[in-house]
Amino acid sequence: MNKNLIIAGLAVFVIAVLSPFWFNLVTVTQAAPKPELLGKAKTEKKCVLDKYDMRANHMSLLDEWRVSVVRDADRMYTAANGHSFNMSLSTGENSCLGCHEDKEKFCDSCHTYASVSPYCWECHTNPKEIQ
Amino acid sequence: MLEIAIKGSRNYWLWIVLLLAVMGAGAITYIDQFTNGLMTTGMSRDVSWGFYIANFTFLVGVAAGGVMVVIPYYLHDYEKFHRITILGEFLAVAALVMCLLFIIVDLGQPTRMLNVLLYPSPKSMLFYDMLVLNGYLFLNIIIGWKVLEAERNQVEPPMWTKPLIYLSIPFAIGIHTVTAYLYCGLPGRGYWLTAVLAPRFLASAFAAGPAFLIILCYIIRKFTKFDPGWDAMQTLAKIVCWAIIANLFFFVCECFVVFYSGIPSHMAHLQYLLFGYHGYHALVPWMWSGFILMTLGAIFLIIPKLRNNKTLLPITCAMIFIGAWIDKGLGMISGGFVPSPLHHVTEYAPTGKEIMITLAVYATGFLVLTILYKLATTIKEEVRG
Amino acid sequence: MMKKSRRSFLKVAGIAAIGLGAAPAMTFAASDSHGAAQAVKGKNQEALSAHRWGMVIDTSKLNEEVAKNITEACHRNHNVPDFNHEVDEEKYPNTRPTNPKQEIKWIWEEHFNYAFPDMEDEFLVEKFKHLGFPVTCNHCKNAPCVQACPTQATFKREDGIVLMDFHRCIGCRFCMAACPYGARSFNFRDPRPFIAETVPEFPTRSKGVVEKCNLCAERLAKGQMPHCVEASEGAIVVGDLEDPESEVRVLLNENYSIRRKQSLGTEPSVYYVV
């Protein structure tokens, strides 16, 4: 009696634990969307770090930037590639959004796919949304 | 040992379900507060701490009060406290759980609370408060559990619990001292800016904690077969008596200094609390009731005949407990913020949602307390039987 | 870079001393900068600098309109919410009614008795009886709020400005209890529905953090004077208190000035020429 119960319980547990796999079996997996480079970003071709480094580490870079701007009052970032940037997410021409004009297609498409919701936008504004 | 907690009478389970229901209602209210912010509370720009911090402060005292059974038993070998020491320690655990919960529900950004560890700030009193509160909580859990376990197995508690027990004594004093330092080190708040604040906190703690313990002893006698002992309760009552008198004395000292010197930034707060200030007097009836309760309680405890009266004692203890709660909970925090540093008067009253969340935190504490006391009393019954 | 690594080292040493076993390893891992070894962080060329920023308010140049403009300029440009603003129901549906006691202000007017409660005087000079004194964060030399903050979210910059790191604030409001000037406001709710026109140059805040005047650090970094200075028609001057040649020091040399609650020893950096 106990033995059967335990085995049944274990089976339910294993099925439940592996649920992400079952979920993936029955749904279609989409390829990760590529962030779209539009407007200025498309022509400029000079980001802070190279493409792959940026993809992997932009969150750490932004974290470093915010510490630098808020706490050390250093706002100018001269990257290893020699280009200078205004360490800002959304203010001014020389900021992230100043170049990558379309937040939805550049930031959100990936974040939505990866199911991350950074709280940057609770405070920082997307200049486009304001207008 | 925890298996004891899942075997109980119908009344036991009804009580547990009641507590869980209150916790559930509070959790739903908290979700609203979490999503919409502290706008759901009665706090304001001028009164930026309210009911949560008030109850936190009071309960730190209840937790520290547990040491009033630990000191006589462990330092002075006062045998009569043997049976209730564990009750004091477990009361401290439950009170500290509530304290920490009150801090969390008071935070504007609770998801970031570990920033306190990530960016340790040794100049901030809150940093030390976090250290001593958590330290005292773990000390009491470990000590209480190990001593109870040893009692169940009828062996001596392990040797290493002894230093921990001695360490818990300064920690008990420490939690309430540091909690007082949160307030009394702030230059712009005349009501708190007094060296007598920490001693006053300790005095009211050593009254409120043991007073509550006496009430708990009555409840235990009614609902279990375990008898904490009338003599122990009498000794506790004497401790409560002198502690509450000390508390009232410190308050009189405070009043003398403030009113005789007449410095407005110190006087305005006490004026507001005791007589009203510029037409605002929401707390005046509360404060006077509080002091009348504490004074009457002290008188009832001094007179041996009244102290020995088995029906009056729990009522006296309830009076002192409620009086201390009004003094330290309601008055201490609001009183410090009214009037504001610019001498504007903004009064404070908690909202229904704030009270609901507060009740739920208390329910959580009582759940912890019920389970721990269930373990303690059952094991003590077993051993004696 | 040098400064950064020293900072990291001190941080690690501090944490290690407190004995949080895992933390030092984490901090080491985090401080490993990502392939940007030669990257350099620095100030803008046009940035204004000072040893200790201070403010001098010439009360003779104040009047109702100037004071109103000052508050207006500051609040508008820093996206400070106005609870009287009518909420756009379409954008923010079901917004709950506001509680005016939970308002947010950075710089505002107070009468003499409130701005200087320790100098209350029934025979106060007539001209001050009805004058609104602009009050704000004093960027104290010995700031009680900085000392109280348990996460260093409120900190003192090397140039004397007391700043808030909104990313780090846990909303414990210890700083509000510590401030003797009532300079701090807490975001009891999301401020966005109450911002008439969001200014893109400055972020809004999220609910649950404390905020206050930042002496326009974002403008000083671009070589501009604070908004209040520009709106004040000469009534407010901001400059370096440690520089004897600076305009603020010249003003302080030539005029008698007072500070709010001087007896507390917080050493406010905001002076009122009376």
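Which strands of chain C does helix H10 (residues 247–254) of chain C lie across? In this predicted model, H10(C) lies across S2, S9, S10 and S11 of chain C, and runs at about 115° to S9(C).

**Sheet in chain C**
- Four strands of chain C form an open sheet with mixed pairing, in the order S9-S2-S11-S10.
- Strand S9 (236–240) and strand S10 (257–258) of chain C are the edge strands; each has a single partner strand, so one side of each lacks a neighbour in the sheet.
- Strand S2 (residues 53–58) and strand S11 (residues 270–273) of chain C run parallel and are joined by four bridges.
- C:Asp58 has C:Val273 in S11(C) as its bridge partner.

**Contact between chains C and B**
- Chain C contributes 44 residues to the contact, and chain B contributes 35 residues.
- On the side of chain C that touches chain B, the elements giving two or more residues are helix H1 (2–18), helix H6 (144–148), helix H7 (174–178) and strand S7 (185–186) of chain C.
- H7(C) gives the most to this side, with four residues.
- By class, the side of chain C that touches chain B comprises 23 nonpolar, twelve polar and nine charged residues.

**Confidence in chain A**
- Chain A has a mean pLDDT of 86, with 98% of its residues at 70 or more.
- Within chain A, confidence is highest in helix H1 (residues 2–17), at a mean of 94, and lowest in helix H8 (residues 127–130), at 74.

Conventions:
Residues are numbered from 1 along each chain as its sequence is written. Chains are lettered from A and ligands numbered from 1 in the order in which they are written. This is a predicted model: local features need pLDDT of at least 70, side-chain atom pairs count only at pLDDT 80 or more; totals for chains, interfaces and linings use all residues. Two residues are in contact if their C-beta atoms, placed from the backbone, lie within 7 Å. Ala, Val, Leu, Ile, Met, Phe, Trp, Tyr, Cys and Pro count as nonpolar, Asp, Glu, Lys and Arg as charged, and the others, Gly among them, as polar. Two strands pair if DSSP finds at least two bridges between them. Axes are lines fitted to C-alpha atoms, for helices over the stretch in contact, and angles run from 0 to 180 degrees between N-to-C directions. pLDDT is the predictor's confidence in each residue, from 0 to 100.
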